Amino acid sequence: MELNIIFLDIDGVLCLNRRMNQVCLENLKTIVDNTSARIVLSSSWKLFPKSRTQIETSFREIGIDPIIGWTGTRGKTRVDEICYWLTNLDNKTIDDDILIRKWIAIDDMDLLKLDPKRMQDHFVLTSEEHGITKENVQEAIRLLSY
């Protein structure tokens, strides 16, 4: 199965002021609908089953497919965790064989600044204040479509 993958942080991306933001969820859905991307959690929310359930519920309510997995905790940085997942398909929740077509990370932590070599052309930076914006949607679609 050939997929586009979004490595997704939650706080500062979908969750603003400790609450899921409907506009941000709708913006994520626009990205998913336009790119057929599937989601892998890279957020610390991955560590907590109740948090993953909350995300799945929010996705189901808005019509986003369930997450296909989450990054592990190998490496020193979130970029390391993402790259390890890409190599090993760690914590995959779907049974199909996966061939990754394109991938991006959406995060309010500047992963491009952290690791420019590995994140160049794979990163969309959100703000803690606004989460995923229309501009982020356009950038994500561009990166997953070129």
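Q: Which elements of the structure cover the buried residues of helix 3?
A: A residue is called buried when its relative accessible area is under 20%, exposed when it is over 50%, and partly exposed in between (1.4 Å probe, protein chains only). Helices (H or I, at least four residues) and strands (E, at least two) are DSSP runs, numbered from the N terminus, and a contact means heavy atoms within 4.5 Å. Here the cover over the buried residues of helix 3 includes strand 1 (2–8), strand 4 (37–41), strand 5 (69–70) and strand 6, together with helix 4 (111–114) and helix 5.

Q: What kind of model is this, and how are its residues numbered?
A: This is a predicted model, in which local features need pLDDT of at least 70 and side-chain atom pairs count only at pLDDT 80 or more, while totals for chains, interfaces and linings use all residues. Residues are numbered from 1 along each chain as its sequence is written, and side-chain values use heavy atoms, with hydrogens and water left out.

Q: Which residues of helix 3 are buried?
A: The accessible area of each residue is the place to look, and in helix 3 the buried residues are Arg78, Val79, Glu81, Ile82, Cys83 and Trp85. Take Glu81, which belongs to helix 3 (residues 78–88): its relative accessibility is 13%, so Glu81 counts as buried. When neighbours within four places in sequence are left aside, Glu81 is in contact with Ser42, Lys46, Thr71, Gly72, Thr73 and Arg74. Cys83 is buried as well, because its relative accessibility is 17%. Once helix 3 has ended, Leu89 follows with a positive phi, near 50°.

Q: How many helices and strands does the protein chain have, and in what pattern do they follow along the sequence?
A: The protein chain holds six helices and seven strands, and reading along the sequence gives β-β-β-α-β-α-β-α-β-α-α-β-α. The radius of gyration, taken over C-alpha atoms, can be set against the globule rule, which is 2.2 Å times the number of residues to the power 0.38. For this protein chain the radius of gyration is 14 Å, close to the 15 Å that the rule gives for 146 residues, so the chain is as compact as a globular protein of that length. Of these 146 residues, 49% count as buried.

Q: How much of the contact in the protein chain joins residues 24 or more positions apart?
A: Among contacts with a separation of 6 or more, residues 24 or more positions apart account for 66% in the protein chain. Not counting residues up to four places away in sequence, Leu99 touches Met1, Glu2 and Leu3.

Q: Is Leu99 buried or exposed, and is Ile104 buried or exposed?
A: Leu99 has a relative accessible area of 52%, so it is exposed. Ile104 is also found in strand 6, yet its relative accessible area is 0%, which means that Ile104 is buried. Leaving aside neighbours within four places in sequence, Ile104 is in contact with Ile5, Ile6, Phe7, His122, Val124, Ala140, Leu143 and Leu144.

Q: Where is Asn17, and where is Asp121?
A: Both are loop residues: Asn17 sits between strand 2 (15–16) and strand 3 (19–20), and Asp121 sits between helix 5 (116–119) and strand 7 (123–125). Asn17 is exposed, because its relative accessible area is 74%, whereas Asp121, at 37% relative accessibility, counts as partly exposed.

Q: How many disulfides does the structure hold?
A: A disulfide is a covalent bond between the sulfur atoms of two cysteines, and here a pair of cysteine sulfur atoms within 2.5 Å counts as one. The structure holds zero disulfides. Cys24 is accordingly in no disulfide, and the nearest cysteine sulfur, that of Cys15, is 9.4 Å away. With a relative accessibility of 1%, Cys24 counts as buried.
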